[in-house]
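Visitor: I would like to learn how the words used for a protein model are tied to cut-offs. Could you take me through one?

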Amino acid sequence: MKFPSKRAIRLLPHLRALSYSMTPPSASTSSAAASGSPASPPSAHGDTMQPSTTSDPLSFQTPISKPAVAAVASNLAAMRIDYNEGFLLESNAAPDPFTQFASWFAHAKETFAYEANAMTLSTAGKDGQPSSRVVLLKGFDEEGFVFYTNYESRKAHDLEENPKAALSFWWGQRQVRIEGAVVRVPGTESDEYFASRPRGSRIGAWASAQSTEVSREELERKAVEYGHKFGEGEVPRPDFWGGYRVIPNRIEFWQGRPSRLHDRLVYESAQTGATGWKFKRLSP
Ligand SMILES: Cc1cc2nc3c(=O)[nH]c(=O)nc-3n(C[C@H](O)[C@H](O)[C@H](O)COP(=O)(O)O)c2cc1C
């Protein structure tokens with residue numbers, strides 16, 4: 001398999017536009033309550049939970065009772081599928097993990113229904129408390145795996161204190177786990193990506209002091225304010241927003257197999273970069 005060019009992979013132009021970052025400010029909490037449309041998210045109150053009014057099958061119960069929650073949870077033990085869609089043998093694995101990742105990512109993009117570039121990012125600050133969240137992969141090459149975020153968010157604070165992270169992708173019967181050091185991408189690279197985002201997402205980046213407490217009204221007000229401020233003109237990248245690159249030293253590929261005899265090949269490199277990778281098999 002020919003390894004695609006750095007730039008082609010970095011931009012991943014075929015991916016869907018961001019949709020998580022800013023939906024139109026159509027329903028504030030108060031107007032939603034007035035119209036009787038979905039209002040409060042679930043919240044814990046003693047031994048009961050207040051449900052949302054979405055298509056949640058328990059939403060007709062207010063409050064949801066502990067037995068009702070237990071009944072849903074009781075199905076978990078029986079949830080099981082046998083993995084039988086593929087294999088990963090030493091003989092069909094690529095010699096370097098980036099080519100292997102490109103191959104699996106291309107397949108996931110074709111076959112996996114939603115956001116194949118969504119990955120779980122785990123960080124831990126100096127207190128050692130791990131914290132995970134989903135972010136979108138926006139580029140990869142032999143230098144690492146790139147995502148974009150707010151440089152003042154919780155994850156960014158963790159990364160300041162401890163510039164190491166783990167990424168994991170879940171694609172049905174496949175999983176990829178990546179570990180390594182984290183650096184900020186150069187400002188020019190963040191500028192280029194920021195400029196490619198839809199205008200609403202660019203304004204949303206300005207409006208959101210990510211990970212700090214805010215009301216829905218305040219968030220929407222700030223988005224409107226920044227919308228007016230920038231008018232029809234250019235929306236520059238905020239200093240507090242940009243990319244990180246996870247420079248891997250370990251990448252594991254997991255392929256589900258029947259009877260839980262899964263394939264796990266882990267690539268490790270003493271030095272980071274395209275050379276010097278070796279893989280070995282791990283017990284499932
Ligand atoms: C599918 C999906 C994609 C997301 N992509 C990003 C992203 O690329 N960058 C980002 O900062 N947050 C993204 N988020 C939101 C994060 O999961 C998280 O809520 C946010 O970054 C704040 O995390 P923190 O408080 O731990 O820093 C995404 C969430 C989902 C569900």
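Guide: What follows is a conversation about the terms used for this model and the values behind them. This is a predicted model, in which local features need pLDDT of at least 70 and side-chain atom pairs count only at pLDDT 80 or more, while totals for chains, interfaces and linings use all residues. Residues are numbered from 1 along each chain as its sequence is written.

Visitor: Why is Phe253 called buried?

Guide: A residue is buried if 20 or more other C-beta atoms, placed from the backbone, lie within 10 Å of its own, exposed if 12 or fewer do, and partly exposed in between. Phe253, which is found in strand β9, has 23 C-beta neighbours inside 10 Å and therefore counts as buried. Of the 284 residues of the protein chain, 24% count as buried.

Visitor: How do you know whether Glu115 and Arg260 are exposed or partly exposed?

Guide: Glu115, in the loop between α4 (97-111) and β3, has 16 other C-beta atoms within 10 Å, so Glu115 is partly exposed. Arg260, in the loop between β9 and β10 (263-269), has 9 other C-beta atoms within 10 Å, so Arg260 is exposed. Neither is a glycine, yet Glu115 has a positive phi of about 45° and Arg260 a positive phi of about 60°.

Visitor: What makes two residues count as being in contact, and which ones does Leu167 touch in that sense?

Guide: Two residues are in contact if their C-beta atoms, placed from the backbone, lie within 7 Å. Leaving aside neighbours within four places in sequence, Leu167 is in contact with Met119, Thr120, Leu121, Phe145, Ile178 and Val246.

Visitor: What makes a group of residues a nonpolar core, and how many residues has the largest one?

Guide: A nonpolar core is a set of buried Ala, Val, Leu, Ile, Met, Phe, Trp, Tyr and Cys residues joined through C-beta atoms within 7 Å. The largest such core has 39 residues, and those with the most contacts inside it are Phe101, Phe145, Leu167, Val176 and Val246. Strand β9 (residues 241-255) gives the most to this core, with six residues.

Visitor: Why are the buried residues of α5 said to line one face of the helix?

Guide: The buried residues of α5 are Lys155, Ala156, Asp158 and Leu159. Seen down the helix axis, they fall within an arc of 160°, so they line one face of α5; the arc is that of the directions from the helix axis to the C-beta atoms. What covers these buried residues includes β3, β4, β6, β7, β8 and β9.

Notes: Helix = DSSP H or I, 4+ residues; strand = E, 2+ residues; numbered from the N terminus.
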